[in-house]
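The sequence and structure come first, and the details follow.

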Amino acid sequence: MDNRKAILFSAPSGSGKTTIIKKLHNYFDYFEFSISATSRAPRQGERDGVDYYFISPDEFKQRVAKGDFLEWEEVYQGTCYGTLKSEITRIWDNGHVIIFDVDVNGGRNLKKYFGDDALAIFVMPPSVEVLETRLRQRGTETEEAIQKRLGRSAEELKQASTFDVTIINDDLETAVEETRRVIENYLA
Ligand code: ADP
Ligand code: 5GP
């Protein structure tokens, strides 16, 4: 198998990308997560260099100017996230398949960059109401952050058809199984 491939997951925040990706690690031990840089503060339990590279807004700007990012977005007003070019070489040199968890614009940009070397997966919540419930139940966000996330979701959901595959994340086990199947077909 040619491992110089990438699987990218995009979806409105709260759709279940992170949950699905974690479960997929049980099947694919050669997956490696592209660790993004962000200017937001870590949530409880998040570790620098594991969940994200947590950097200050100033450092983020400097690294944009240096051309360190393959793509970056101000996903929420005042909060930037970006894919470092160095992550691609790091993971491919390890012989691993890159896993991206990025916002919908970032996903589209990365798909343009990687072309056939990436499978672009859109994770769709069963409804906007369920999305809201999940975001609230996750309990990681302030009310303001929840509103910012929901505010973007309608626009993001419209982009689903531009991805290679859409997975509806209603029942989690079904969604994980379907995702596993499409990835296996893609990498075969
Ligand atoms: P994302 O990474 O897309 O922002 P998460 O993976 O953090 O979303 O999921 C948001 C919340 O919804 C989490 O609390 C997670 O446990 C829950 N969740 C994810 N998938 C399902 C599902 N199929 N059914 C019920 N709850 C789910
Ligand atoms: P969170 O703050 O919930 O961890 O992430 C917020 C949003 O930023 C999610 O939609 C996530 O996919 C997105 N995101 C994380 N890393 C990147 C990145 O490197 N690039 C882009 N464009 N979006 C990212």
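Ligand 2 is surrounded by 17 residues in this predicted model. The closest of them are Ser36, Arg43, Tyr52, Glu71 and Tyr81. Val102 takes part through its backbone, where a polar atom is 3.3 Å from an oxygen atom of the ligand. On its own, ligand 2 has 510 Å² of accessible area, and the protein covers 95% of it.

Ligand 1 has 13 residues around it, and the closest are Gly14, Thr18, Thr19, Arg138 and Asn169. Gly14 places a backbone N or O atom 2.7 Å from an oxygen atom of ligand 1. A nitrogen atom of ligand 1 is 3.3 Å from an N or O atom in the side chain of Arg134, and a backbone N or O atom of Leu172 lies 3.4 Å from a nitrogen atom of this ligand. Taken alone, ligand 1 exposes 570 Å², of which the protein buries 75%.

| Ligand | Residue and part | Ligand atom | Distance |
|---|---|---|---|
| Ligand 2 | Val102, backbone | oxygen | 3.3 Å |
| Ligand 1 | Gly14, backbone | oxygen | 2.7 Å |
| Ligand 1 | Arg134, side chain | nitrogen | 3.3 Å |
| Ligand 1 | Leu172, backbone | nitrogen | 3.4 Å |

The remaining topic is a pair of helices. Two packed helices are described by the angle between their axes and the distance between the axes. Helix α1 covers residues 17–24 and helix α7 covers residues 172–187; they pack at an angle of about 65 degrees, with their axes 10 Å apart. The crossing of α1 past α7 is right-handed. From α1, the residues Thr19, Ile20, Lys23 and Leu24 meet Leu172, Glu173, Ala175, Val176, Thr179, Arg180 and Ile183 of α7. By type, the residues of this contact are 6 nonpolar, 2 polar and 3 charged.

Methods:
Residues are numbered from 1 along each chain as its sequence is written. Chains are lettered from A and ligands numbered from 1 in the order in which they are written. This is a predicted model: local features need pLDDT of at least 70, side-chain atom pairs count only at pLDDT 80 or more; totals for chains, interfaces and linings use all residues. Side-chain values use heavy atoms; hydrogens and water are left out. Axes are lines fitted to C-alpha atoms, for helices over the stretch in contact, and angles run from 0 to 180 degrees between N-to-C directions. Helices (H or I, at least four residues) and strands (E, at least two) are DSSP runs, numbered from the N terminus. A crossing is left-handed if the near helix is turned anticlockwise from the far one by less than a right angle, and right-handed if clockwise. Contact means heavy atoms within 4.5 Å. Ala, Val, Leu, Ile, Met, Phe, Trp, Tyr, Cys and Pro count as nonpolar, Asp, Glu, Lys and Arg as charged, and the others, Gly among them, as polar. A residue is near a molecule or strand if one of its heavy atoms lies within 4 Å of it. A polar contact is a pair of N or O atoms within 3.5 Å; within protein, one must be able to donate a hydrogen and the other to accept it, and residues adjacent in sequence count only if both atoms are side-chain atoms. Accessible areas come from the Shrake-Rupley method with a 1.4 Å probe; for residues, only the protein chains shown count as cover.
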